[in-house]
Amino acid sequence: MAPADTGRVHVAPAHAGPADTRPVGTAPADEGHTDASPADTVAAVVRQWETVRPDLDTGPMEVIGRVNRCAALLQQAEDAPLRRAGLTRPEFDVLGTLRRTGHELTPSEIARETFSSGAAVTKRLKQLTERGLVERRGDTRDRRVAHVRLTDAGRDLVDGVLPDQLAYETGVLSGIGRERQRELAGLLGELLGQLEGRLRLPRT
């Protein structure tokens, strides 16, 4: 597969089409075939491989390739509400973790919650502390351990940004009906659960 385009991608909300009245999981005729799939870049890649290596089963590529491509495009897309708040997605993940858990966390706990390395979390906490969004306090029993919590400003920022961010993400997914979104979420959850149970990959 060709590498993802490195240019900034703007994801415009799509207009939802007519409601899909088919039962969940029921596909129209031939939907499972590559030729009938939407004209995406992975479909073209699969067709090329099928031409030069017809002996190979490219089915896994149709799933993994699309997951990777969607992730790359979403990472490149501008999260408008976060950008307006002067936050990156990783920084917002740190703030959101502290907000949703509702209590202090150590940097190592934040790293586990956000699937990040300790070094990355340390850098993000430094930036957020300088902005007055989080604060640290030392552990009374172990001076090597720090406890991190949101400031009032950090809590207000998360509470103000989250509804706008969810509305933005709703717009990104608006071309897919709600029932299909739930089906997709279930399938991705099943895949993620299997991968988390089997793979031990380095955190970013």
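1. A salt bridge here is a side-chain nitrogen of Lys or Arg within 4 Å of a carboxyl oxygen of Asp or Glu. The model is predicted. By that criterion the structure holds 14 salt bridges.

2. Start with Glu-62 and Arg-66. Their side chains meet in a salt bridge, 3.6 Å from N to O. That separation is within 4 Å, so the pair qualifies. Both residues lie in helix H2, four residues apart, about one turn of the helix. Glu-62 has a relative accessible area of 18%. Buried means under 20%, so Glu-62 counts as buried.

3. Arg-66 also forms a salt bridge with Asp-40, where the closest N and O atoms are 2.8 Å apart. Asp-40 is partly exposed, at a relative accessible area of 25%.

4. Next, helix H8 (residues 178-198). Arg-180 forms a salt bridge with Glu-183, and their closest N and O atoms are 3.2 Å apart. The two are three residues apart in helix H8, so about one helical turn separates them. Arg-180 is partly exposed, at 25% relative accessibility. Glu-183 is likewise partly exposed, at 22%.

5. Some bridges share partners. Glu-104, Glu-135, Arg-137 and Arg-149 are joined in this way into one network.

Conventions. Residues numbered from 1 in each chain as written. Predicted model: local features only at pLDDT ≥ 70, side-chain atom pairs only at ≥ 80, totals over all residues. Heavy atoms only, no water. Buried < 20%, exposed > 50% of the residue type's maximum accessible area, 1.4 Å probe, protein only.
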